[in-house]
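Here are a few exercises to work through with the model open beside you. Try each task before you read its solution.

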Amino acid sequence: MLFEIKIPDIGSDELEVTEIFVKVDDIIKENQNLITIEGDKTSLEIPSTKSGIIKEIKVNIGDKIKTNSTIIILDDNIKKKTDNLINNKNKKNNESNEEIHASPLIRNLSRKFNIDLKKINGTGLKGRIIKEDIDLYIKKKEDQLNLNDNYIQKQQNLNEFNNTKKIKINNLQIISGKNLLKNWITIPHVTIFDKINITDLEIFRKKQNIILIKNKQNIKITPLVFIIKAVEIALNNMPKFNSSLSEDGKFLKLKNDINIGVAVETKRGLIVPVIKNIKYKKIIDIAKSLIKISKKAKNGFLNKNDIINGSFTISSLGHIGTTNFTPIINSPEIAILGVSKFNIEPIWYKKKFIPKLILPISLSFDHRVIDGADGARFINQIKYILSDIRNFIM
Ligand code: CAO
């Protein structure tokens, strides 16, 4: 006899089919999961209310369905035969997808980290895969990676370097190293590069610093201060760059506050203190905040509040050198700006080359959120503001 297996009462919402675990001709047991349906805040697996053979699947991935929608047509006529087949099938094929017992949360996690659930031994009730199993699997993979690294390292030591010296990596570097690795692996980075003519800006900046000295104010405005201001204006105009992607990758959280992190080199390693609520701050106030926070970082006096809630990061190697580099996004942020050293370059103007001060910058962004065109638009805004100081007031 043919039966329709339907969606049970899920309220009045329409939910989307995100996974189908079965196919036509599959022999299924009562309570075996058939599909996953998801809404903004829910994720449900729908089990079969009967055993039998699947004759027809009435839904496709992406379909919106509601209470009482038919999922499959099932033939339960061959119940006995089915039971035998189920037993045989279980013995032979207990790795098949529909046999995996895991909650929607675990299935979401596995999709997010690209983990094949068939490779995991569930330790929950009746072999159910639980979060601890996923954690253990990831840990094992990490250990494997470390082992490979150790192996390569050992080979190098044995083959080439007999005379070596061990240097201990400090805790800050270990923690930031782990974060950098995670961000580099899990975020699809795109980096775009550009150059900005900051000749006029530098003339203006130097004048301002002379005035500050004359006024006996112990503040120096570095180029980075103007860059922070330009980024703030660009973030105001393009709020997607001042956002975070939700864990399930389905929506963006746009932030109202603009809090800019600045990578600071310290004796213990790189640290990113955050200048908070930068919206509408004046250049001189940004300069004061940058001096304060970088001093605190270099002297090891930052507290937890100084390093949390950043919404965008700037990493400047300008005072050291480099023509360009690819900065790694500071998750959960969406983008990061790299600043390299400015230099005099010949720029073609009307009929001749003239020397101009050129600042190279690079922007890495999360390609799941930002496309190349918007990346280029963002960098153009920064360029527009920094290449003509008058644009600051526009
Ligand atoms: N090109 C050329 N010179 C630059 C420059 C640039 N892009 N940016 C700054 N400078 C100059 C400054 O003008 C200053 O020179 P003067 O004293 O003659 O004016 C000098 O370099 C030193 O600047 P600073 O480092 O004191 O100040 P800052 O505001 O530029 O930077 C801070 C502050 C804390 C960000 C910086 O000291 C720092 O620690 N940077 C490290 C960042 C880093 O390591 N990033 C990692 C990248 S990837 O791992």
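**Exercise 1. Find the salt-bridge partner of Glu-345 and work out which parts of the chain the pair ties together.**

Step 1: Start with Glu-345, which counts as partly exposed at 23% relative accessibility. The scale runs like this: buried is under 20% relative accessible area, exposed is over 50%, and partly exposed is in between (1.4 Å probe, protein chains only).

Step 2: Look for a salt bridge, meaning a side-chain nitrogen of Lys or Arg within 4 Å of a carboxyl oxygen of Asp or Glu. The partner turns out to be Lys-195, with the closest N and O atoms 3.1 Å apart.

Step 3: Lys-195 lies in strand 9 (residues 189-197) and Glu-345 in strand 18, so the bridge ties together parts that are 150 residues apart in sequence. Strands here are DSSP runs of E, at least two residues, and helices are runs of H or I, at least four residues, both numbered from the N terminus. Lys-195 is partly exposed, at 43%.

Before going on, two notes on the source: this is a predicted model, where local features need pLDDT of at least 70 and side-chain atom pairs count only at pLDDT 80 or more, while totals for chains, interfaces and linings use all residues. Residues are numbered from 1 along each chain as its sequence is written, and side-chain values use heavy atoms, with hydrogens and water left out.

**Exercise 2. Take the salt bridges Lys-229 to Glu-232 and Glu-56 to Lys-58: are their residues buried or partly exposed?**

Step 1: For Lys-229 and Glu-232, the closest N and O atoms are 2.8 Å apart. The two residues sit 3 apart in helix 6 (residues 223-237), which means about one helical turn between them.

Step 2: Check the accessibility of that pair. Lys-229 is buried at 11%, and Glu-232 is buried too, at 3%.

Step 3: Now the other pair, with 3.3 Å from N to O. Glu-56 is partly exposed at 37%, and so is Lys-58 at 42%.

**Exercise 3. Which residues touch the most other members of the largest nonpolar core, and which element gives it the largest share?**

Step 1: Set the rule: a nonpolar core is a set of buried Ala, Val, Leu, Ile, Met, Phe, Trp, Tyr and Cys residues joined through side-chain atoms within 4.5 Å.

Step 2: Among its 47 residues, Ile-228, Ile-314, Leu-337, Ile-382 and Leu-386 touch the most other members. Helix 6 supplies the largest share, 10 residues.

Step 3: Zoom in on Leu-386. Leaving aside residues up to four places away in sequence, its contacts (heavy atoms within 4.5 Å) include Ile-196, Leu-201, Phe-226 and Phe-392.

**Exercise 4. Where do Pro-332, Thr-322 and Lys-350 sit, and what about their backbone deserves a look?**

Step 1: A cis peptide bond joins Ser-331 and Pro-332, with omega about 5 degrees. Pro-332 is in the loop between strand 16 (312-316) and strand 17 (335-339).

Step 2: Thr-322 lies in the loop between strand 16 and strand 17. Its phi is positive, near 80 degrees, and it is partly exposed at 40%.

Step 3: Lys-350 has a positive phi as well, near 55 degrees. You'll find Lys-350 in the loop between strand 18 (343-349) and strand 19 (352-366), exposed at 68%.
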